Amino acid sequence: YEHAGAAILFRAFDTDGDGNIDSTELAAGLSLWCRGSQSDRIRAAFCLFDADGDGTIDLGEMKRYLASVFKVALASKPELRAV
């Protein structure tokens, strides 16, 4: 799961699916995460969970996403490791 979070986020930003994130996709993705409406942010978060794009979140996708979230949280806040 080491790079799962990056891969999921990359797929969410790569809206045309060409395997590259251009400046427009980057700007749109960052804008959505920072300032999008609540429904836009919810849809974007669902896209991150739904790694295979089938419209549902299975247990494996949930585990991969949560593992990535916890890894980032622990890396950014070492004091959480003692909890």
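Mentor: Helices are DSSP runs of H or I with at least four residues, numbered from the N terminus, and in this predicted model that numbering places Asp 14 in the loop between α1 (4–13) and α2.

Trainee: What does the secondary structure of the chain come to?

Mentor: The chain has four helices and zero strands, and reading along the sequence gives the pattern α-α-α-α. Of the 83 residues in the chain, 17% are buried, while the accessible surface comes to about 5900 Å², with 63% of that belonging to carbon and sulfur atoms.

Trainee: Among contacts between residues at least 6 apart in sequence, what share joins residues at least 24 apart?

Mentor: For this chain the share is 30%.

Trainee: How should I read Asp 14, and which side chain of opposite charge is nearest to it?

Mentor: A salt bridge needs a side-chain nitrogen of Lys or Arg within 4 Å of a carboxyl oxygen of Asp or Glu. Asp 14 is buried yet has no salt bridge, the nearest side chain of opposite charge being that of Arg 11, at 8.9 Å. What the side chain of Asp 14 does have is a polar atom 2.8 Å from the backbone nitrogen of Gly 19, and a polar atom 3.4 Å from the backbone nitrogen of Asp 18. Apart from neighbours within four places in sequence, Asp 14 is in contact with Gly 19, Asn 20, Ile 21 and Glu 25.

Trainee: Where is Glu 25 found, and which backbone nitrogen does its side chain reach?

Mentor: Glu 25 is found in helix α2, which spans residues 23–35, and its side chain reaches the backbone nitrogen of Asp 16 at 3.1 Å. Glu 25 is also buried without a salt bridge, and its nearest side chain of opposite charge is again Arg 11, here 12 Å away. Setting aside residues up to four places away in sequence, Glu 25 touches Phe 13, Asp 14, Thr 15, Asp 16 and Asn 20, so that, with contact meaning heavy atoms within 4.5 Å, Glu 25 in α2 meets Asp 14 in the loop.

Trainee: Turning to the surface, which residues form a nonpolar patch?

Mentor: The patch is formed by Leu 59, Met 62, Leu 66, Val 69 and Phe 70, which together have about 440 Å² of accessible area. One of these residues, Met 62, is found in helix α4 (residues 59–76).

How values were computed: Residues are numbered from 1 along each chain as its sequence is written. This is a predicted model: local features need pLDDT of at least 70, side-chain atom pairs count only at pLDDT 80 or more; totals for chains, interfaces and linings use all residues. Side-chain values use heavy atoms; hydrogens and water are left out. Helices (H or I, at least four residues) and strands (E, at least two) are DSSP runs, numbered from the N terminus. Buried means under 20% relative accessible area, exposed over 50%, partly exposed in between (1.4 Å probe, protein chains only). Accessible areas come from the Shrake-Rupley method with a 1.4 Å probe; for residues, only the protein chains shown count as cover. Lys and Arg count as positive and Asp and Glu as negative; His and the chain ends are not counted. A polar contact is a pair of N or O atoms within 3.5 Å; within protein, one must be able to donate a hydrogen and the other to accept it, and residues adjacent in sequence count only if both atoms are side-chain atoms. Patches are made of residues with over 30% relative accessible area and no salt bridge: like charges are joined within 9 Å, nonpolar side chains (Val, Leu, Ile, Met, Phe, Trp, Tyr) within 5 Å.
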